[in-house]
Amino acid sequence: MPNQKKYWKSEVELNEQSTLVDELSQKEFAQKLPEDLLGSTELPDSDTSRRDFLKYMGFSTAAATLAACEGPVNTSIPYVIQPEQIIPGVANFYATTIVDGFDTASILIKTREGRPIKVENNPDAPVHNTANARVQASVLSLYDSMRVQGPTQAGVDVSWETLESNVRTQLAQMADANEEVVLLTPSLASPTTQQLIKKFQVKYPNVTHHVYDAISDTAALNAFEKAYGKRALPSYDFSKATCIVSIGADILGDWQGGGFDAGYSKSRIPKGKAGKATMSKHYQFEANMTLSGANADHRIPTTATQQQFIMAALYGELTNITYPTPLSDAIKKKVKAIAAELKAAGERGIVVTGLDNEDAQRAALAINHQLGSKVIDVNHATQLRQGDASVINQLVNNVNSGKVKGIIMAGVNPAYTLPNAEAFVAGLKKAKLSLCFSMKNDETALHCQWVAATPHYLESWGDVEMKTGHYALTQPTIRPLFNTKQFQDVLLSLSESSSNYKDTIKSYWSSNILGGNSFNDALHDGYFVSKKSDTLRYRDNVEALIQRLARAKAVSGLELHLYTKTGIGDGQQANNPWLQEFPDPISRVTWDNYLTVSKADAEALGLKNINQSDGALDGSVAEISLNGKIVKAPVLIQPGQAKGTVGLAFGYGKTAGMKSEMQVGTNAYPLYTNFSPVQSVSVTATKDMHEFACTQLQNTLMGRGEIVRETTLEIFNTKDAKYWNPMTQVSRDHVEIDVTAKEADMWQAFDRSIGHHFNLSIDLNACTGCGACVIACHAENNVPIVGKREIRKSRDMHWLRIDRYYSSEETFKEDLEVVDNISGLSDSLSTFGKMEDPSANPEVTFQPVMCQHCNHAPCETVCPVAASSHGRQGQNHMAYNRCVGTRYCANNCPYKVRRFNWFLYNKNDEFDYYMNDDLGRMVLNPDVVVRSRGVMEKCSLCIQMTQKTILDAKLEGREIKDGEFQTACSNACGNGALSFGDINDKESHVKQLTEDKRMYHLLESIGTKPNVMYQVKVRNT
Amino acid sequence: MKVEFNHQLTYMLESSFLAKLPLLFFSLCFSVVLNAQEPDIQKGKSLFNANCAACHKLNKRAVGPALAGVSSKYDKEWLYSWIKNSTAMVKSGDAQAVAIYEEYNGSVMTSFPQLSDEDIDNILAYTDYTPPAPAAGTQAVEVAAAPESSATNDLILAVLMLVLAALVTMLFLVNKTLRKIAAANGVEFMNKEKQSRTPLWKAYAQNPFLVFVTVIFLLLSSAYVGYSYIMQVGIDQGYMPIQPIHYSHKIHAGDNQIECKYCHSSARVSKHSGIPSLNVCMNCHMNIAEYNGEEDLEKGYTKEFYTNEIKKLYKAVGWDEQTQSYTGDTQPVKWIRIHNLPDFVYFNHAQHVSVAGIECQKCHGPVEEMEIMYQHSSLTMGWCINCHRETNVKVKDNEYYTKIHEELSKKYGVDKLTAAQMGGLECGKCHY
């Protein structure tokens, strides 16, 4: 019997009277097609059928395709009169110096056809001769499309004559009325500029000059002045140290102007006879996890208050006086041990502190004096930091009250960097005269009557005394791109001098510095060293201070530690996409700053970090309140963060003079009350979640010793290399053989014994994770910037990444033991699960990873179009024009170093970073192709540089010497962590490194035979 | 830069002078031996070209004044002493000498103490000489002579055509006559057999095999044509754009034998061969303001045409012919680039020109014969690779190669190495 049941879809169907169901069943579409389809009401009457339409479409597409095949007409415009030094296609190098008030470095600038394209270290210079990531990236800031292109008055373009004559008249009037005018600059260690300012003050006696450092070193300056009678900072050479004790000083970061990492790394490589190798020992007490803490042999997370106790206790131990401190017994014991080691190290010991506390700074100087430390050099002190916080506090009050009638600012942005910026801006608006020398329409420039467009340092002249007797020169490497004028030239004009700054420098140097030596030689070298030296005597007495330190009071609430990030620093170059996309060495987060919180505190405060299923990281947004000020920042749970402390980086949250893509993060300067980097704050969780763009999700190494190998100095000295650096074994005919043995190899290999064979060695002991190489790689190889959204999707394009690994136990060694003791499946599952959590105070290692240029490359065998192939010189070649974008190679790469162009990143409005405008594209290296959408790219071992070296040798008809072959990363590394060369040259340094017993290859067991090698990390525990 | 210029100029003057010295000596002896009374215009011309032409022109002011008819302006004795030592005369305060010295902004005329009075007479005779105006008749003949050859060609063609037409008519007539005779004799044509035969095209269409073969052939050939068409897209062999200044490589590199790398100097050291900057042009063209070489009237390349192109150079570089100085008003020349390689190829001239010692013509073709520059080679990858396979590396006298060559030749037992054997076929050598 047939089923009588009626199924219905709608009630209407049940109504037999309704015609709707019938109607609908006849029609595919319920409604008529809209009449204005394709914009024509006459469409139904049109003769054009659908077929015709398709025909026309097809024809026009084909026609357009063929028409597009017609090549464009390129023009070539030679010079009318070619400068002698410039040969198109040949790079010129100029020595110059960057001094921007935060970073200082003697550098070489590579220019092509007159435009600077790359920053290189100037290894001949005696001080500050390595460029950090920010200095490496500074060349891109030259081509910043947001720069001010000429002088303006209230936002309207004016001529320089108008600006100068108006300001001159106004200054003269104010001088007559004796109204106070303030000249605000960052620390100027430039002897010529200081002289100019003095002359300016003679002309206008009502002008007072104040030095304002956005990030203050007041305590250290005051301490040194009290101890040695000169307001300066001592210089340090950590290569001489055997025992380094840092109490809250990020010596590998921006502490006291930075630039100490090269010397530090030298002391960290185990040297000496086998079995008796030595290296320095580094103790770090700190709250935030810094680069210094990550590299230290012993890192003890402590609050700032505890650090003061530690300083007192350490001083006590060294002088055999006991100061009662509320420290835990464990720390006391540690301090005692450290004191003993310091005593043993004697003049090779050093104690440094980053505490913003004059007492602590003086105590450190006292200890160093007592040790007779040779690491610290007081007679060649630096004046790269001069600012005095109390003076600036007073100044802001005076500006706000209207006492200061005129303000001239150069190289500072107080409306952004001052903790009480509103008070300053209110006063600035009231001022009769406000003139701001700026490269950007930044927060301060927006509130000034006059904005004087200044050139970038690569378009400027300048000089600096880096430390006593060590001078350096800045010279322009390109004609000014815009209608800009240097601050010093305007000062000269306002002082009614007919001279220009360049000639002033020249005459000042000739009469005061050079002592008969040639100015042109100094300009060529970029630096000049005179015999000038101080003879400063220690004259401080610190007994009473130590008492004070020992009685320091803990803050209520959480201790906020403000710091500067390796990428953005104080925020001057916040509009630089290379730096924004630079992954922070510790957190591996890009495009953001965040509140770093310890795991314990995060749990107590209800703050969360969540990993999304696609690998992206989300963090709760927290409210940080300080004296009524509330700042919101996302939270990142940071292993190693001292309990009871939180950290927040300066330099973010800038909005003025910035591309919208670059306006990220939170401004931490409002929390910098009284210029103290440690504040007592309260933190509360909000319901909001923030999306991070983090480039590394796997935080721990899970005990996989094949990736990062490390050992201790003791084992290194006492045991055979096979114990701490074993070669992986494979079984062949039930016999264990080395994985590198010929019998274990099933591939045929090139004969590489003739010609060049390039190898790159990476010393894990010398690498501090500073990231200069990452930016250098960007600059050399035209690596595109993809933006925060893409990074969050793991589509970052960095050819060179620096992996950071935490241990899940206190040390990596303990991790290994845990892995070894796993028994059974359930145990392994639960143990590995646990091992994903880093320890509260983990050991950290940095590992730069780029294409390993395997001799048996897994990527090459899977490419269907042979776009990836091998060269006899050891480089794995990538022919972009051949690549069709299957991405098989990336899938098959065990090191995950291949990068895919998901989009066209140049000339594309969706990626408005630097390759989208003519100005930004000027930084591109003309020897390296800019890749387009749909192709794979990766590290080439800078084949354009090795080829250039070979060609130069051929042209000159000579053999190549060791050290001539370089890559962008090995050139940028001032720490000696990256060495590059030809292993067929038996004398070469890199050849010796291949035979070093510390040498190992990444994932040796898979038999890829890489041309990149690593040197085992040795810890001096 | 200016200093460098002057330096170069004096260098050129000196060198040309030194080069001509023996010649001068020779001609001096010659004139003495022969009759010395009558000034020799021919000799005067060669002396003028050797000594004076660097700074003087006959009818136009150059570095110095125009010299046509100069003997009528000054006393002969005065001219002798002026030419032999002008500086001394200016110093002595001779009014005429000082006037001319000041008129030319104090530029000193080179002294020619080696010229005898007779030489000077010869030169003056040359400068005074006005060539007789060519008779109208001869010119007309010359003009008429040019089209003559083409006219004869046409005539021959016309006669041939006539003969052919006559032959065809004759054939037709003969056929007609023969048919008439045949008809008269009762001969009949047999057409039946022909009619019963199937026409060829039908037979062809009915044979499936033949049709099949033809279709296959057509498909293959159209595929071949299509493929060749697609493959030539982007290849600009023969590309010959019109340049802003008609620069003739034929005149410079061909007629005047100027070395390629004199102008394209960066080809020796750089990846770019470089288009010479305009100051390089002015090294010569400061003195060469007009064209006096061969003409190609058919294409319109007259002397005026070339001289006009030199004027374009002067305009671009900002050179004022009247005052013989730079005005500073420059207009860079936008040349149209002929040899364009894609961005993803790295090519270095220095490697090929200096290291390998390859002649420019190997890739750029007979440049010295090109009135208008064009792209000679296809510049495709296949073209590059072929050359790399065939060309031996120039290892001689280059220490860089010494060791590598020794080892490689020992290993492979060959004396010569091609670029390909040295790794010249690896992708990454040109693509990065």
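Strand E27 (residues 645–649) of chain A is mostly covered in this predicted model: five of its five residues are buried. Look at which way they face. Thr645(A), Gly647(A) and Ala649(A) point one way from E27(A), while Val646(A) and Leu648(A) point the other way, and all are buried.

Which strands are joined to E27(A)? Strand E21 (residues 558–563) of chain A runs parallel to E27(A), with five bridges between them. Here Tyr563(A) stands opposite Ala649(A). Strand E23 (residues 595–597) of chain A runs antiparallel to E27(A) and is joined to it by two bridges. In this pairing, Val597(A) stands opposite Val646(A).

Now let us turn to the meeting of the two chains. Here 39 residues of chain A are in contact with 47 residues of chain B. On the chain A side, the elements giving two or more residues are strand E1 (75–76) and helix H29 (943–956). H29(A) provides the largest share, six residues. By class, the chain A side divides into 19 nonpolar, 15 polar and five charged residues.

Chain B has its own divisions: domain 1 (2–128), domain 2 (249–378) and domain 3 (380–432). Five residues of domain 1 of chain B are in contact with four residues of domain 2 of chain B. On the domain 1 side of that contact there are three nonpolar, one polar and one charged residues.

Most residues other than glycine have a negative phi. Lys896(A) has a positive phi although it is not a glycine, and Lys1009(A) has a positive phi although it is not a glycine.

| Residue | Phi | Loop lies between | Other C-beta atoms within 10 Å |
|---|---|---|---|
| Lys896(A) | about 55° | helix H28 (888–892) and strand E38 (899–900) of chain A | 11 C-beta atoms |
| Lys1009(A) | about 50° | strand E41 (999–1000) and strand E42 (1012–1015) of chain A | 18 C-beta atoms |

Is Lys896(A) buried or exposed? Lys896(A) is exposed, because it has 11 other C-beta atoms within 10 Å and a residue with 12 or fewer counts as exposed. Lys1009(A), with 18 other C-beta atoms within 10 Å, is partly exposed.

Conventions. Residues are numbered from 1 along each chain as its sequence is written. Chains are lettered from A and ligands numbered from 1 in the order in which they are written. This is a predicted model: local features need pLDDT of at least 70, side-chain atom pairs count only at pLDDT 80 or more; totals for chains, interfaces and linings use all residues. Helices (H or I, at least four residues) and strands (E, at least two) are DSSP runs, numbered from the N terminus. A residue is buried if 20 or more other C-beta atoms lie within 10 Å of its own, exposed if 12 or fewer, and partly exposed in between; C-beta atoms are placed from the backbone. Domain bounds come from an automatic or database domain assignment. Two residues are in contact if their C-beta atoms, placed from the backbone, lie within 7 Å. Ala, Val, Leu, Ile, Met, Phe, Trp, Tyr, Cys and Pro count as nonpolar, Asp, Glu, Lys and Arg as charged, and the others, Gly among them, as polar. Two strands pair if DSSP finds at least two bridges between them.
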